Amino acid sequence: MAWLTTLPWGQLIINGIALGSLYALTAFGIVLIYKTTDVLTFGQGELAMFSAFIAFTLLDRLKLPFPVAFVLTLVFALGLGAVVERVLMRRAQQGSILNSIIVTIGLALVLVGMAGFIWGYEVRPFPDPVTGPPFLFRVSPTQNLVLTQLSAVILAVTLVLMLLLFAFFRFSLVGIAMRAVAQNRVAARLMGIPVDRINALGWGVGAALGAVTGMLIAPTNSLFPNMMGDVAIKAYAGAVLGGITSLPGAVVGGLLLGIIDSVAGFQAPELRTTIAFTLLVIVLVIRPAGLLGRREIKKV
Amino acid sequence: MPPLLQLENVEAHYGRIRALKDVSLEAAEGSIVALLGANGAGKTTTLRVISGLLRPTAGAVKYAGQRVERLSAEALVRLGIAHVPEGRQIFPELTVGENLRLGAYTRRDRAGMEQDLQRVFALFPRLRERALQHGGTLSGGEQQMLAIGRALMTHPRLLLLDEPSLGLAPLLIQEIFRVIQEVRGQGATVLLVEQNVHMALSIADYGYVLETGRVMLSGAPDQLRANAEVQRSYLGA
Ligand SMILES: Nc1ncnc2c1ncn2[C@@H]1O[C@H](COP(=O)(O)OP(=O)(O)OP(=O)(O)O)[C@@H](O)[C@H]1O
Ligand SMILES: [Mg+2]
């Protein structure tokens, strides 16, 4: 086990947290949609990818500065999510749970097809939101920790978004109402809460979180219709690991998978996904409800 | 003056099951009306129709001089109908304070909301003490207080209560019934579904007895108590 002590742990964990932030943001969107609307969506990665293409168009064709394109893309994603709820999910949810899951899978396929049709299937470079030398932190005379500017941006954006969402759910009336709808839909209706509109908002915010992920991951992974495949799988694993009903759990699960990915990827790159999923299975055997999930959430 | 609430020949279905066949009833403004009946008679369904959770398949619901049977639950809350459902249905993972705040979701009159919050705390001092606790950690009686308090935060003109005494100790039941009378004293109209027929008739101005989706009997509490059928089925005589 000598290799355990020779690993550059600090660096691997920093890289893992940066990578895990992206899983966490995607997982957060999945859990948010699941909690508010009761639908486990399999279209989250594709919503993210589609939004990344929108951002690309704004940046590359319209030559908008990154922050402006970022905000416009968020607005687009918010609307796209709401339209998806309105046009597809509200109808699909009249039927069984299986119906809505299949509809989200269909949504994913349609989005990939549309992106391919509009922008083509070739792999494109996506502009870096920041350029410049990486930050170096000296931890010992012989060792520096490296944080690229992109990773720093990813970490900062994740942190700010988490704080904003935390405050939104804790203090704003609409945020509290979203939690209420997730806990008891009938009681929420009896309070005069417009449950349909809250569901649309859940999808909108979920899609916007996906858009953030898409825009932050495209600079590293490049832009193409299937770019989110690996991230999305890890995000689902993160959501399940954290306990599919827990928003903080999604963050913890996503970050944890990022770190596992980074450490395992350094030691045995070809095994990193296998190791991540083995750990997932072990956790679920020990704690079927996930790390921070509840065994059962009462729904009426 | 026409009654605040009027149901005319209401029929309602769950899928193909006809839960209400023919229900007509009235509640005068400022009164307490008891809705009695055996399990499965349709009491809860009647309240669900009034609060807009269930669309009737025939008949009319009139409230404050207006046909309302096609309005959404959301719209009816804004019109002043508050429904405390069977089994309390509080939000277990929100705090007591957050539960109460959602009661006022549709309101924008800050002064009135604050006044109603103080009114709820005066009626149920226990809720003030537990304001930061999660709803799910309250005792059954406290959850019932929260459910009623949350409904009062909508500032209802018509309060629908579905078996508020269910599962509570006698002392708590008395407290709940005292509050119901106090709420009426403050101007609200109350439609009260109860299994506890003695208690319900002791505070009601009028009562209806439902049986398999129809009104079988109605009358003032004295008349209902004197009725042989009611005595046999509900008063254990
Ligand atoms: N969700 C539902 N789906 C199908 N049938 C239902 C549903 N809810 C109630 N029913 C049926 O409708 C009828 C009336 O039910 P309701 O709940 O209104 O009775 P209740 O008088 O409130 O009874 P209880 O005293 O047990 O609460 C019953 O026959 C019941 O089985
Ligand atoms: Mg009932």
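Helices (H or I, at least four residues) and strands (E, at least two) are DSSP runs, numbered from the N terminus. Axes are lines fitted to C-alpha atoms, for helices over the stretch in contact, and angles run from 0 to 180 degrees between N-to-C directions.

This is a predicted model, in which local features need pLDDT of at least 70 and side-chain atom pairs count only at pLDDT 80 or more, while totals for chains, interfaces and linings use all residues. Residues are numbered from 1 along each chain as its sequence is written, chains are lettered from A and ligands numbered from 1 in the order in which they are written, and side-chain values use heavy atoms, without hydrogens and water.

**Exercise 1.** Describe how helix 3 (residues 96–103) of chain B packs against helix 6 (residues 140–152) of chain B.

Solution. Step 1: the angle is about 35°, and the axes lie 7 Å apart. Step 2: list the residues in contact (heavy atoms within 4.5 Å). Helix 3 of chain B gives Val96(B), Asn99(B), Leu100(B) and Gly103(B), and helix 6 of chain B gives Leu146(B), Gly149(B) and Arg150(B).

**Exercise 2.** Find the protein donors of the magnesium ion (ligand 2).

Solution. Step 1: take N, O and S atoms within 2.8 Å of the metal (3.2 Å for Na, K and Ca); water is not among the atoms, so sites may look incomplete. Step 2: Thr44(B) (OG1) and Glu86(B) (OE) qualify, at 1.9 to 2.5 Å. Thr44(B) is in helix 1 (residues 43–50) of chain B, and Glu86(B) is in the loop between strand 6 (81–84) and helix 3 of chain B, 42 residues apart.

**Exercise 3.** State how many residues each chain brings to the contact of chain B with chain A.

Solution. Chain B brings 22 residues and chain A brings 26 residues.
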